[in-house]
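Colleague: Could you walk me through how to read the packing and contacts in this one? I would like the general idea, then the case at hand.

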Amino acid sequence: EANAGVQAQACGALWYLLSATGNQAETARCIGKAGGVAVVLSAMRAHEANAGVQAQACGALWYLLSATGNQAETARCIGKAGGVAVVLSAMRAHEANAGVQ
């Protein structure tokens with residue numbers, strides 16, 4: 001479960017970078033080019049039962065979508081990587097957790 005804690009913190013760090021920088025679009029592009037979507041979704045898949053990972057990862061994905069300046073392309077990227085199913089699974093598994101919803 002310690003690994004889940006690291007994953008939650010890492011997703012939280014991405015979320016913070018996206019929300020706190022002066023140039024969210026550039027930060028989102030850098031994260032995207034570095035494979036950020038795949039890594040976040042991988043963390044979600046590996047730690048399905050951990051609400052902390054799911055909440056931080058959903059937050060990171062939300063900021064990636066909202067910060068890019070090209071939401072349609074980012075949404076396609078997340079969709080192609082299976083992100084819609086992963087997010088819906090997290091929401092179903094953690095219905096009582098407002099951080100995931």
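Modeller: Gly69 is found in the loop between α4 and α5, where helices are DSSP runs of H or I with at least four residues, numbered from the N terminus. Before going on, note that this is a predicted model, where local features need pLDDT of at least 70 and side-chain atom pairs count only at pLDDT 80 or more, while totals for chains, interfaces and linings use all residues. Residues are numbered from 1 along each chain as its sequence is written, and side-chain values use heavy atoms, with hydrogens and water left out.

Colleague: Is Gly69 buried or exposed?

Modeller: Buried means under 20% relative accessible area, exposed over 50%, and partly exposed in between, with a 1.4 Å probe and protein chains only. Gly69 has 64% relative accessibility, so this residue counts as exposed.

Colleague: Which residues make up the largest nonpolar core?

Modeller: In soluble globular proteins, nonpolar side chains tend to be buried together. A nonpolar core is a set of buried Ala, Val, Leu, Ile, Met, Phe, Trp, Tyr and Cys residues joined through side-chain atoms within 4.5 Å. The largest one has 24 residues, and Leu18, Val40, Leu41, Met44, Leu61 and Leu64 have the most contacts inside it. Two or more residues come from each of α1, α2, α3 (36–46), α4 and α6 (83–93), and α4 gives the most, with nine. Setting aside neighbours within four places in sequence, Leu41 touches Leu61, Ile78, Ala81, Gly83 and Val86.

Colleague: How many salt bridges are there?

Modeller: The criterion is a side-chain nitrogen of Lys or Arg within 4 Å of a carboxyl oxygen of Asp or Glu. The whole structure has one: Arg29 and Glu26, at 3.1 Å from N to O. Both residues sit in helix α2 (residues 24–33), three residues apart, about one turn of the helix. Arg29 counts as partly exposed at 41%, and Glu26 does too at 35%.

Colleague: What about aromatic pairs?

Modeller: Rings of Phe, Tyr and Trp (its six-membered ring) pair if their centres lie within 6.5 Å; planes under 30 degrees apart count as stacked, over 60 as edge-to-face and the rest as tilted. There are two pairs. Trp15 and Tyr63 have ring centres 6.4 Å apart and planes at 45°, so this pair is tilted. Trp15 is in helix α1 (residues 2–20) and Tyr63 in helix α4, so the pair ties together parts that are 48 residues apart in sequence. For Trp62 and Tyr63, the centres are 4.7 Å apart and the planes at 90°, so that pair is edge-to-face. Together, Trp15, Trp62 and Tyr63 form one aromatic cluster.

Technical notes: Contact means heavy atoms within 4.5 Å.
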